Amino acid sequence: MFQNFDFDVIRRSIGYLFVEGMTFTLTLTGLATLGGVILGTLLALMRLSSLPILPRIAATYVNLMRSLPLVLVIFWFYFLVPYLGQWITGAERPIQVGAFASSLITFTLFEAAYFSEIMRAGIQSIPRGQVSAGYALGLTYPQVMGYIVLPQAFRNMLPVLLTQTIILFQDTSLVYVLSITDFLGAASKVAQRDGRLVEMYLFAALVYFAISYAASLLVKLLQARTAIVR
Amino acid sequence: MKFRNGMNYNWNWGIFWEPSPEGVGTYLDMLLSGLRWTLATALCAWLIALVFGSAVGVMRTLPGRAAQVVGNAYVEFFRDIPLLVQLFLWFFVLPELLPPSWGIWMKQMPNAPFWTAVVGIGLYMSARVAEQVRAGVNALSKAQGMAGTALGLTTAQVYRYVLLPMAFRIILPPLTSEFLNTIKNTSVALTIGLLELTARARSMQEFSFQVFEAFTAATLLYLVINVVVVTAMRFLETKVAVPGYIAGK
């Protein structure tokens, strides 16, 4: 079954796969997580605020994003971002946006919807009395949120946030539909060039599995540790 | 709709009624055919996900150590590899690893992208269904199973008549979102050539250059599917609710 295999193709392309492909994948994962958590937290705060309209806007955004397939959203932003850029900067024609910037905007905006649901659950897990106590001490809304509610919410939800990051890491492989050279894109390009689909896709699967599995074990460990403290 | 600064995009909502370059039907027909493939793929994949997911989920609640190890390995395998890569494994890699005659049969099978997507997405989702089924069974009090055993039921009967009917009712809401995920995940199969809704919107954009009309239509169709599924499942939830339990009255 493996007699026709050419495992050397992996060794020959390993630099390209990791230096170019995996760097793209990991940078995109990291930055989109950061942006997604920040925007998601803002969305969660909007959704839980007592002001008019704001909860509505946040809920509509989150529900819309969560109803659509990521592939469709990737296409949407790929074509929309140049026009949005033109609209924001007031340029003459649609702005050229690079593959990385386009992917980063897409994943940040898309994953923010998922992160916001996690942060909403985290904020709601904090007893209301703590918020009241904060106000009674004369703290303002940003202070109550920044010093009391969000640090605890973030800490409680850390395992779930990290699990969502692993999902995000796997989701970044979908930039394949834009022919971008992420890890899978790099593997796919070598596979097509050398006619070695079997070896390259098996190797790609192995690498994704190893990283995701190791990360999920770490999350479990972290969960066990934070559980003891409480 | 008009952007300021004279954005050079020409809106043409009449495009849906213009004939598609395929020769038969309009662009709207093209999108609707994509919608039918999306639904057919999602329903068939969901069937596989439910059958395999229930079996593995039950396995992970059995007392035997071997069953748990196999169940855990199954879930980890399907959860830790991106769906896109899994579809590539089924579509490009598996036919090469099988005996040549089988591989040729797989490659020449009519509607190969459809069947690959059904199996690939079905098994991928089955790992998630297994997690839910396990959670549902574990959420029941241990006494229910023991009471069944005390009545003289076999383990299979305890699951069939006591544990699973309750467990499935408990996990109905999360199963709804897993079904919605299955529908959304069918769009990944455009990479192996399945002509589902997103793929059709994409080709409409390539043929007609009306990007935003095409994607708006696809977006609306996905939203309609969501609303229909959520409404139907709410109805089912109230229908099967157990009095005195969860959603029961």
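A crossing of two helices is called left-handed if the near helix is turned anticlockwise from the far one by less than a right angle, and right-handed if clockwise. The model is predicted, so that local features need pLDDT of at least 70 and side-chain atom pairs count only at pLDDT 80 or more, while totals for chains, interfaces and linings use all residues. Residues are numbered from 1 along each chain as its sequence is written, and chains are lettered from A in the order in which they are written.

**View 1. Crossing of helix 4 and helix 6 in chain A.** The crossing of these two helices is right-handed; the axes of helix 4 (residues 99–124) and helix 6 (residues 141–171) come within 9 Å and cross at roughly 140° (lines fitted to C-alpha atoms over the stretch in contact, with angles from 0 to 180 degrees between N-to-C directions). Among the residues that meet are A:F107, A:Y114 and A:I118 of helix 4 and A:V149, A:F154 and A:L161 of helix 6, contact requiring C-beta atoms, placed from the backbone, within 7 Å.

**View 2. Kink in helix 7 of chain B.** In helix 7 (residues 155–170), a kink of about 45° lies at B:L163, shortly before the proline B:P165. B:L163 is also one of the buried residues of this helix, together with B:Y159 and B:A167 (buried: 20 or more other C-beta atoms within 10 Å of its own).

**View 3. Side of chain B that touches chain A.** The contact takes 31 residues from chain B and 31 residues from chain A. Helix 3 of chain B gives the most to the chain B side, with eight residues.

Definitions and conventions. Contact = placed C-beta atoms within 7 Å. Helix = DSSP H or I, 4+ residues; strand = E, 2+ residues; numbered from the N terminus. Bend = angle between axes of the 7 residues up to and from the residue. Buried ≥ 20, exposed ≤ 12 C-beta atoms within 10 Å, placed from the backbone.
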